[in-house]
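Subject: The structure we talked about

Hello,

Here is the structure I promised to pass on to you. Please open it next to this email, and then read on for what turned up.

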Amino acid sequence: MDWINRYIDQPLLHGAAGLLRSWHIRTRQPPELLEPTWNLVVLSFLLVASGQVMAGRPFALSVAALVMLALPSARKLFSAIKAGGSAYGAREYKSMRARAVAKREAEWSVRIIVLFSSACLPFIARIDDPVGACFMLGASVWFVLTGPLKTYLDAAEPPEPTEGDRTYSGVFHFG
């Protein structure tokens, strides 16, 4: 267990924390908006791919499924826009950090199970029906690209609100 924690879980947690940090620095958006944005990007890619592969009723069904998967992420992004943009301060940071610490300690086995199942899912699921195989491939791609990322982003250390702010220089203020 220590080997899994040291060589798999901890590096992925540090990578997720770095991803949250770079998202916050580059976009000036709260870190919790990274996951729904990524989910919508993956679903957009799957929509374009399904348009290339399917036609008729299977395409309409895949569009409906992708829209249903996109609704929670779109609602989260629209509610953040309605709330007034990037309201990420010390209170939100402390709340996110407390949730991340709790998830980091309590749900490490869930993160590992999601990671290994996402690695195995595309190889395990085989369907003889061509349309069903396309749906299963799309579901596998969606789960592989969003499942582990969500679990690791939820448990990662969030960036401080002042990180990347050029006007803030830490404890010492020069000039």
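Leu 145 is a residue of helix H6, in what is a predicted model. Is Leu 145 buried or exposed, or something in between? Its relative accessible area is 33%, so Leu 145 counts as partly exposed.

Now look at another residue of helix H6, namely Ser 140. With a relative accessible area of 4%, Ser 140 is buried, because buried means under 20%. What does Ser 140 touch, apart from its neighbours within four places in sequence? Ser 140 is in contact with Leu 121 and Pro 122.

Next comes helix H3, which runs over residues 57-83. You can check its length yourself: at 1.5 Å a residue, its 27 residues should span 39 Å, and the end C-alpha atoms are 38 Å apart, so the two values agree. Several residues of H3 are buried, among them Ser 62, Leu 66, Ala 70 and Leu 77. Ser 73, Ala 74 and Ala 80 are also on the list of buried residues in H3. The cover over the buried residues of H3 includes H2 and H6. After the end of H3 you will find Gly 84, and its phi is positive, near 120 degrees.

Finally, the charged pairs. Side chains of opposite charge can pair when their charged atoms come close. How many salt bridges are there? The count comes to 6.

One of them joins the side chains of Arg 6 and Asp 2, at 3.6 Å from N to O. An α-helix has 3.6 residues a turn, so residues three or four places apart point the same way. Both partners are partly exposed: the relative accessible area is 49% for Arg 6 and 48% for Asp 2.

Asp 9 and Arg 111 form another salt bridge, and here the closest N and O atoms are 2.7 Å apart. Asp 9 is in helix H1 while Arg 111 is in helix H5 (residues 108-124), so this pair ties together parts that are 102 residues apart in sequence. Asp 9 and Arg 111 are both buried.

A further salt bridge links Glu 92 and Arg 91, with 3.9 Å between the closest N and O atoms. Glu 92 is partly exposed, at 24% relative accessibility, whereas Arg 91 is exposed, with a relative accessible area of 67%. There is also a network: Arg 97, Arg 104 and Glu 157 are joined by salt bridges that share partners.

Best wishes

Notes
Residues numbered from 1 in each chain as written. Predicted model: local features only at pLDDT ≥ 70, side-chain atom pairs only at ≥ 80, totals over all residues. Heavy atoms only, no water. Helix = DSSP H or I, 4+ residues; strand = E, 2+ residues; numbered from the N terminus. Buried < 20%, exposed > 50% of the residue type's maximum accessible area, 1.4 Å probe, protein only. Expected span 1.5 Å × (residues − 1). Contact = heavy atoms within 4.5 Å. Salt bridge = Lys/Arg side-chain N within 4 Å of Asp/Glu carboxyl O.
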